Amino acid sequence: MNNLSYGLDGKVAIVTGGSRGIGLDLAKNLLAQGAKVVICGRKQEGLNAAAAALDGDDRVLAVPAHVAKEAEVDRLFDQTLERFGRVDVLVNNVGMNLITGVVDADPSLFNKIVESNLTGTWLCSRKAAQLMREQKAGKIVSITSIAARRAAPLMGIYGIAKAAIEMMTKTLAQELAPFNVQVNAVAPCMVRTGFSQPFWSNDDLLKEIVRTIPLGRIAETTDVVHPVLFLCSEGAGFITGQTLMVDGGASAV
């Protein structure tokens, strides 16, 4: 799989939440494909560590940004343009969940989860779309979740936000199609990252989760990275408005 070429040499890609997990692995693979990569995250020390791990010299830019804040999103894109001159790819990878039900959730908690997942994805997609529309080329890929289609205990608000991203993907795809901009999403099942560690680190819970996945395991980051790279490539030039399920067959049963 590491020898696959997606034709991304020289492309400029922004990966939100790129300092760890899926985002960091994606940034590594984009660099390996010859792309220039911008990562953002909320914590400077995490970004510094990620930039050092990526070791991409002048092809890596790390920008601290809270994607749910418009001014910080503007700064992220302004610094990208100042450094690299354009944006060819946006991967909306930022996501967060706080373990809670829906009925008894405090409104502030609901807003926090929705802002991080949905509002941040919209603000970044909006900014990228305005640039890509002028370029008449671009790719936007959002990471959603199987939780957008399958209700899960204590993940309801997260699932609601991710479901909205799937509809946003369709809507943006329709708006941007005349400008040769493709907008898609990738929806994994549980991925072995720090984000989901409370679930997969519990052996009994992990067995219960794996029981629902026909391929018999949870996903690794590389299982998500390669579908994203494909959707960022010219090979996916006639694919738009789609959500690709990367769930080991869980949604097929």
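In which loop is Leu154 found? Leu154 sits in the loop between S5 and helix H5 (156-176), where helices (H or I, at least four residues) and strands (E, at least two) are DSSP runs numbered from the N terminus. The structure is a predicted model, in which local features need pLDDT of at least 70 and side-chain atom pairs count only at pLDDT 80 or more, while totals for chains, interfaces and linings use all residues. Residues are numbered from 1 along each chain as its sequence is written, and side-chain values use heavy atoms, with hydrogens and water left out.

The overall form may be taken next. The secondary structure of the protein comes to eight helices and seven strands. Along its principal axes, the C-alpha trace spans about 50 × 40 × 40 Å. For 253 residues, a compact globule would have a radius of gyration near 18 Å, and the value of 17 Å for the protein agrees with this. That radius is taken over C-alpha atoms, and the globule rule is 2.2 Å times the number of residues to the power 0.38. Buried residues account for 51% of the 253 residues; buried means under 20% relative accessible area, exposed over 50%, and partly exposed in between (1.4 Å probe, protein chains only).

Leu154 has a positive phi of about 65° although it is not a glycine, and Leu154 is partly exposed because its relative accessible area is 45%. Lys136, also not a glycine, has a positive phi of about 60°. Lys136 belongs to the loop between H4 and strand S5 (138-143).

Side chains of opposite charge can pair when their charged atoms come close. A salt bridge is defined here as a side-chain nitrogen of Lys or Arg within 4 Å of a carboxyl oxygen of Asp or Glu, and by this rule the count comes to seven. One of them joins the side chains of Arg126 and Glu70 at 3.6 Å, N to O. This pair links distant parts of the chain, with Arg126 in helix H4 and Glu70 in helix H3 (residues 70-84), 56 residues apart. Arg126 counts as partly exposed because its relative accessibility is 31%, and Glu70 likewise counts as partly exposed, at 43%.

A further salt bridge joins the side chains of Asp74 and Lys127 (3.3 Å, N to O). Here too distant parts of the chain are linked: Asp74 is in helix H3 and Lys127 in helix H4, 53 residues apart. Asp74, at 23% relative accessibility, counts as partly exposed. In the salt bridge between Glu208 and Arg211, the closest N and O atoms are 2.6 Å apart. Glu208 is partly exposed at 41% relative accessibility, whereas Arg211 is exposed, with a relative accessible area of 59%.

The surface patches complete the account. Patches are made of residues with over 30% relative accessible area and no salt bridge, like charges being joined within 9 Å and nonpolar side chains (Val, Leu, Ile, Met, Phe, Trp, Tyr) within 5 Å. Arg20, Arg42, Lys43, Lys69 and Lys112 form a positive surface patch. Within this group, Lys112 is placed in helix H4 (residues 107-135) and is partly exposed, with a relative accessible area of 46%. Val102, Phe110 and Ile160 make a nonpolar surface patch of about 240 Å². Val102 lies in the loop between strand S4 (89-92) and H4, and is partly exposed because its relative accessible area is 44%.

Definitions and conventions: Accessible areas come from the Shrake-Rupley method with a 1.4 Å probe; for residues, only the protein chains shown count as cover. Lys and Arg count as positive and Asp and Glu as negative; His and the chain ends are not counted. The place of a charge is taken as NZ of Lys, CZ of Arg, CG of Asp or CD of Glu.
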